[in-house]
Structure formats: structure tokens, C-alpha cells
Amino acid sequence: MHFNFHFLKFLCPALEERYQGMEITSCFSQNKNELIIACKKEEEGFYIRANLLPSISCLGFPDDFKRGKRNTISLFPDLIGQVIHSVQVVNFERAFIIELESGDKLLFKLHGTRSNVLFYKIGEDLPSILFRNDLRVDREISLSEFPKNFDLGNSRFESLEGNASQFLPTLGKIPREWLQSHGYIDADLEVKWALMQELLDMLESPLFTITKRGKEHVLSLLPEENPIFQTEDPIHACNALFGYLVVVQAFDKEKSHWQKIFEDQRKKSIGYIQKTSQKLEDLINEISPAQIADVIMANLHQIAPNQEEVQLFNFYTEKEETIKLKRGQSPQKFAENLYRKSKNRKIEINQLHENLEGKQYLVENLDLMLSEISPIKEFRGLRDFIKKHNLVAQEKESQEQVPFKRFDVEGFEVLVGKSAKGNDEMLRNYAWKEDLWLHAKDVSGSHVLIKFKSGIQFPKSVIERAAELAAYYSKNKNESLSAVIYTPSKYVRKVKGSAPGAVMVAKENILLVPPKGPS
């Protein structure tokens with residue numbers, strides 16, 4: 001209710017008592033949507049601080065404010081040197097006006113996420129300057145038409161059939177909730193009128209309470225259980241709420257943001273561990289393709305040409321078994337493919353073991369970070385925690401909408417395309433002619449770029465590591481060795497009309513490497 005008309009009725013007289021006769025010495029901003037007005041009279045000085053961020057809108061009236069030397073801009077030049085004459089609430093509106101001795105006026109329009117400050121020259125009905133220029137509709141706010149008038153008599157109440165929102169639109173969320181909690185919706189008209197009068201009496205009482213509802217800190221003019229702060233001074237109430245909203249609530253929001261990231265990552269990692277563990281168990285327990293190949297090779301004399309299945313004795317299980325063959329393929333070639341599949345299966349099992357170890361390590365690390373962040377209760381500790389774990393850079397990397405994965409290999413930046421379209425975009429927008437381009441030979445896979453460094457040749461170890469990544473992010477992922485082509489990007493071009501990821505390569509070199517993913 002800190003922007004509510006019923007609170008502003010108390011706040012404006014208090015502001016007038018403090019600021020009347022004060023000269024405005026500066027007006028500036030050093031944070032987005034935050035306006036600071038410095039006022040002084042003789043040796044006494046006060047500030048008006050309007051934080052009009054859509055996420056957190058509030059007012060503060062500090063005794064002191066340190067203006068930064070950088071990233072600060074002066075605003076409302078017509079205010080400088082002017083003297084405050086009065087501070088008046090706008091009738092039945094979430095707004096107040098600071099009137100200057102010159103006749104110029106400054107309107108504080110406190111409409112939640114659309115809050116703004118507007119400057120009116122003497123005799124003009126439309127604003128000449130807006131603080132938030134993005135709210136273009138505010139240029140049409142007529143100063144003479146802005147105040148409203150409502151008849152709060154019983155006759156009008158009855159004509160509206162007790163509709164509280166129409167009878168008094170300025171009530172706000174907390175008063176409406178109070179009416180609902182006292183049975184207002186289902187009450188008869190007489191009871192509704194009595195409840196409305198009781199509510200208006202409480203809103204006339206100068207007792208201001210700050211309480212916490214869910215994750216939000218709110219100011220209330222109504223009796224509240226478990227108040228965090230109470231005062232009869234509306235300026236003190238504003239300053240206290242400003243501290244809770246801008247400092248405490250902002251801290252809670254940022255801390256919760258990181259906790260949610262860790263918890264989400266932990267949940268996904270545990271899901272991956274469960275799924276991969278089951279897959280690994282199935283691979284280990286199923287019969288190895290090499291055993292079937294051994295049985296076929298030991299019984300070649302029993303297999304007729306073009307036979308699609310055969311009954312053979314499996315000396316591993318010591319049972320007669322039906323073995324299906326591949327049409328159009330000799331038993332020897334079929335057995336050869338089974339041996340290759342068995343070899344790839346071993347590679348896949350080893351890779352799954354590595355992946356599980358990596359995820360288990362990640363879960364342990366996330367548990368550690370959750371235990372570290374939980375007891376932190378102030379911004380300094382949170383900043384140290386974020387810096388220690390390099391979280392801002394990691395989050396920026398994850399949110400960056402780029403078509404590639406980025407790796408560091410001995411100080412060289414290596415980019416790996418995420419998809420066929422991503423390969424095209426990477427080659428079109430992120431490749432320079434002297435970058436080294438790599439791709440697994442004769443199979444589909446990711447394009448890989450080693451970014452060029454002026455005056456430095458690509459080390460052989462860097463090329464080999466990038467080639468391992470190119471093989472890993474291709475159809476050759478499970479082979480023991482893979483051929484990878486590499487060449488400067490200037491020899492790679494996209495043919496118009498070709499499929500996503502398809503390119504023509506003018507010159508190439510070939511390297512044989514084992515596929516190896518990121519550590």
C-alpha cells in the first residue's frame with residue numbers, strides 16, 4: 001500500500017513539512033529507472049529517491065546519498081535552483097505533486113510497474129519532460145483531469161449494490177483481502193456497508209506496518225499479525241520499506257535464483273544417472289555380439305548359402321539356439337560386423353562409465369554449493385560465493401544463444417557446431433578464413449573450428465584434440481579410430497541449395513584419431 005492513495009494522504013503532509021522551502025540542487029540517475037533529487041536549505045539537506053523499476057517500485061527519503069563519479073547522468077535541468085512550495089496528494093489517485101515556487105510542477109505517478117515522474121511547466125496541462133520515456137502514453141496525462149472525485153455516501157454505495165472496487169477503486173489489494181476475509185462477498189448490503197465503514201476508519205489511522213506475505217514485503221495501514229516493522233511516521237515507513245524491497249528482497253531473490261539453478265541441475269543429473277545406470281546394466285547383462293560371431297565362425301560348414309536363420313549349438317550357453325542371419329550377406333561378413341559391434345559396445349560401456357562418474361561428481365559439487373549458499377544472509381557473502389565459483393560467467397555462457405559449443409584447448413578457442421543448421425550458421429557468421437576447419441571424414445557430424453591466433457601456428461596437439469572432438473561429435477563416435485579432415489576455413493564453402501551442414505572442401509588433410517569427448 002506504499003503507493004496507495006490512503007497512504008499518500010499521510011505521506012504528503014509529512015513531505016511538505018520536511019521539504020517546503022528547500023532548494024533543488026541536483027537531479028540525477030545512476031541506476032536504470034532510479035531518480036535522485038537532492039534538496040537543501042541552509043545547512044540542512046535531504047534527498048528524494050524514486051526507484052521505479054518495474055520489478056521493485058518504491059520511494060525513499062534519505063538524509064544522505066553518495067553520487068557516483070561514473071555511470072551517472074543529470075536529469076530535469078529545469079528543476080535545478082527551484083524551491084519547493086508544497087507537496088499535495090492527487091485526489092483519489094496513486095500520485096502526488098511537488099509544486100515549485102515558480103509554478104512548475106513535478107508529478108509522481110505511482111502506478112506500480114508503470115510508475116513515472118512527469119514535469120509540467122507553469123500554465124501547461126501536458127508534461128514537457130518524462131523520466132521514463134518508454135511510457136509514451138504518459139505524454140497525454142492532463143494535469144487538470146488527473147484528480148478524481150468519488151461520492152462515498154450510502155446512496156451511491158447502494159446504487160452500486162456494494163461493489164467495493166467500483167465504490168472506491170483506490171482501496172488496493174490488502175484492504176480488498178480484508179473485506180473478503182470478513183465475509184464481504186456473501187454478506188447482505190447492510191453488512192457490506194458496515195464493513196466498508198469499519199475499513200475506512202482503519203485507513204484513517206496513522207499506524208503503518210511492514211509485514212511479509214509469501215516472498216514479498218508489503219506496507220499496510222491495517223492491523224497485521226507478526227509485523228516486521230511499525231511506525232506512526234510515514235517517511236520512516238517509506239524508508240524502512242525501501243530497505244526491505246531494494247536490499248533484503250533483492251538479496252532473497254538473487255539467492256533463490258542461484259539455489260533454483262543448483263537444484264534444477266541436481267535433479268536433471270540424478271535423472272541422467274538413473275537412466276544411464278539402467279542402460280549400462282542392460283548393456284553389461286546382454287549377450288555380447290562377439291559370442292554370436294564366435295558361434296557362427298565355428299559352424300560355417302553348417303550354414304547354407306543365403307540362409308536367413310540357422311540352428312546352432314552355442315558353446316557359451318551350452319544350448320541349441322536359433323541365430324538370425326542377414327539376407328544378402330555372407331556368414332563371414334555378418335560375423336565381422338558383429339565383432340565390430342562388440343568392439344563399439346565396449347567403447348560405449350567405457351564412455352557410459354565416464355559419463356556416470358562425471359555426473360556423480362557434478363551432483364557432489366552441487367550438494368556442496370547448496371550447503372555453502374544456504375547459510376549466507378547478506379549480499380557481501382553472496383557476492384564472494386558467486387565470484388568463488390565463477391557463476392556469472394557460467395550463466396552467461398549457458399544463456400548465450402550461439403549455434404556451437406565452446407572449448408578451450410591449450411589457450412585456443414575451439415567451436416563445435418550443435419546441429420546441421422548450427423554448422424551452417426557457425427561457418428557463415430563465426431568463421432574467419434584463417435581458422436582451421438575440421439570434420440569427420442565421409443560421415444555426418446559437427447563442424448569444428450579452431451580460432452586463429454595472429455602470428456601463432458596451430459600446435460599439433462591442439463589439432464589432434466580438436467580432431468578427437470570432431471570424431472566424437474559424429475557418426476564415428478563409437479569407432480576405435482576415425483578419419484578426420486582438416487583445412488583452413490577459406491577452402492570450405494557452402495553450395496547454394498545444398499542440405500543443411502553440407503559443404504564443398506577444396507583442399508584437405510587427413511588425421512586418424514580416437515573419438516574423445518569433453519573431459
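Student: In which sense do strand S11 (residues 208–213) and S12 pair?

Tutor: This is a predicted model, in which local features need pLDDT of at least 70 and side-chain atom pairs count only at pLDDT 80 or more, while totals for chains, interfaces and linings use all residues. Residues are numbered from 1 along each chain as its sequence is written, and side-chain values use heavy atoms, with hydrogens and water left out. Strands are DSSP runs (E, at least two residues) and helices likewise (H or I, at least four), numbered from the N terminus; two strands pair if DSSP finds at least two bridges between them. Over S11 and S12 there are 5 bridges, with Thr209 opposite Ser220 in S12, and the sense of the pairing is antiparallel.

Student: Which are the edge strands of the sheet?

Tutor: The open sheet has 3 strands in the order S12-S11-S13, and its twist averages 20° from one strand to the next. An edge strand here pairs on one side only, and those strands are S12 (216–220) and S13 (229–231).

Student: How are H7 and H8 oriented to each other, roughly parallel or roughly antiparallel?

Tutor: Helix H7 (residues 289–298) packs on H8 at an angle of about 160°, with the axes 7 Å apart. Axes are lines fitted to C-alpha atoms, for helices over the stretch in contact, and angles run from 0 to 180 degrees between N-to-C directions. Angles under 35 degrees count as roughly parallel, over 145 as roughly antiparallel, 65 to 115 as roughly perpendicular and the rest as oblique. H7 and H8 are therefore roughly antiparallel.

Student: What is the distance between the axes of H8 and H9?

Tutor: Among the residues meeting here are Met369 in H8 and Phe385 in H9. Helix H8 (residues 331–373) and helix H9 (residues 379–388) pack at an angle of about 160°, and are therefore roughly antiparallel. Their axes are separated by 11 Å.

Student: How far apart in space are Phe458 and Leu436, C-alpha to C-alpha?

Tutor: Phe458 lies in the loop between strand S19 (448–450) and helix H12 (460–472). Leaving aside neighbours within four places in sequence, its contacts (heavy atoms within 4.5 Å) include Phe412, Ile450, Ile463 and Leu436. Phe458 and Leu436 are 22 residues apart in sequence, and their C-alpha separation in space is 8.3 Å.
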